[in-house]
Amino acid sequence: MDITQQPPEARDLPYDVFAKACPSRGTLEHVTGRWGALTLGALYEGSLRFNELRRRVDGVSEKMLSQTLQGLERDGLVHREAQPTNPPRVDYELTPLGHEIAERLLGLIRFVEGRMDDVLAARERYDVTRGAR
């Protein structure tokens, strides 16, 4: 859809993710990157401690999860709450904005999961025609 087909309110937005210097690009990267999307999806289910979240997002390293959470927190999508206990307890949960974004991401995730048979068949056809296996 070109800009003339967009509703007027969309044309008046001060941000353009396609522009190189637009700050929305960084947020889009945080949200749609592998670990960001999975972290937001996992937190949609409710508040989690760091290690619970790490177990839920299978395969993420401690360092990557920490970096991902910091980026999402900086963007206002995740709230971090440190409890003054011994040992320290830190809980993560979605902010209202994070919840709204996670809801949309989960729609895409469910759609992809539901179409994986088609994707796998397409991969097979591609590999056969390209001689790879």
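**Note on helix H3 and its neighbours**

1. The axes of H3 and H6 come within 9 Å and cross at roughly 105 degrees. H3 is therefore roughly perpendicular to H6 (the term covers 65 to 115 degrees). Axes are lines fitted to C-alpha atoms, for helices over the stretch in contact, and angles run from 0 to 180 degrees between N-to-C directions. Helices (H or I, at least four residues) and strands (E, at least two) are DSSP runs, numbered from the N terminus.

2. This is a predicted model: local features need pLDDT of at least 70, side-chain atom pairs count only at pLDDT 80 or more, and totals for chains, interfaces and linings use all residues. Residues are numbered from 1 along each chain as its sequence is written, and side-chain values use heavy atoms, without hydrogens or water.

3. On the H3 side, Ala37, Leu40, Gly41 and Tyr44 meet residues of H6 that include His99, Leu105, Leu106 and Ile109. Contact means heavy atoms within 4.5 Å. By class, this contact has 8 nonpolar, 2 polar and 1 charged residues. Ala, Val, Leu, Ile, Met, Phe, Trp, Tyr, Cys and Pro count as nonpolar, Asp, Glu, Lys and Arg as charged, and the others, Gly among them, as polar.

4. H3 (residues 34–44) also packs with H5 (residues 62–74), at about 75 degrees and with axes 10 Å apart. These two helices are therefore roughly perpendicular as well. Trp35, Gly36, Thr39, Leu40 and Leu43 of H3 meet Met64, Leu65, Thr68, Leu69 and Leu72 of H5. No charged residues take part; the classes are 7 nonpolar and 3 polar.

5. The sheet is open, with 3 strands in the order S1-S3-S2 and antiparallel pairing. S1 (48–49) and S2 (78–83) are the edge strands, each with a single partner, so one side of each has no neighbour in the sheet. S1 and S3 (residues 89–94) pair over 2 bridges (pairing requires at least two DSSP bridges). Arginine 49 has aspartate 91 in S3 as its bridge partner. H3 packs on this sheet, touching S1, S2 and S3, and its direction makes about 95 degrees with that of S3.

6. The second largest pocket holds about 250 Å³. H3 and H6 (96–114) each supply at least two of its lining residues. Leu38, Tyr44, Arg56, Leu106 and Glu113 are among them. The lining divides into 6 nonpolar, 1 polar and 4 charged residues.

Conventions. Parallel < 35°, antiparallel > 145°, perpendicular 65-115°, else oblique. 1 Å grid on protein atoms, 1.4 Å probe; cavity = no way out; pocket = protein on both sides within 12 Å on 5 of 7 lines; lining within 4 Å. Points joined across faces, edges and corners; volume = space filled by probe spheres on them.
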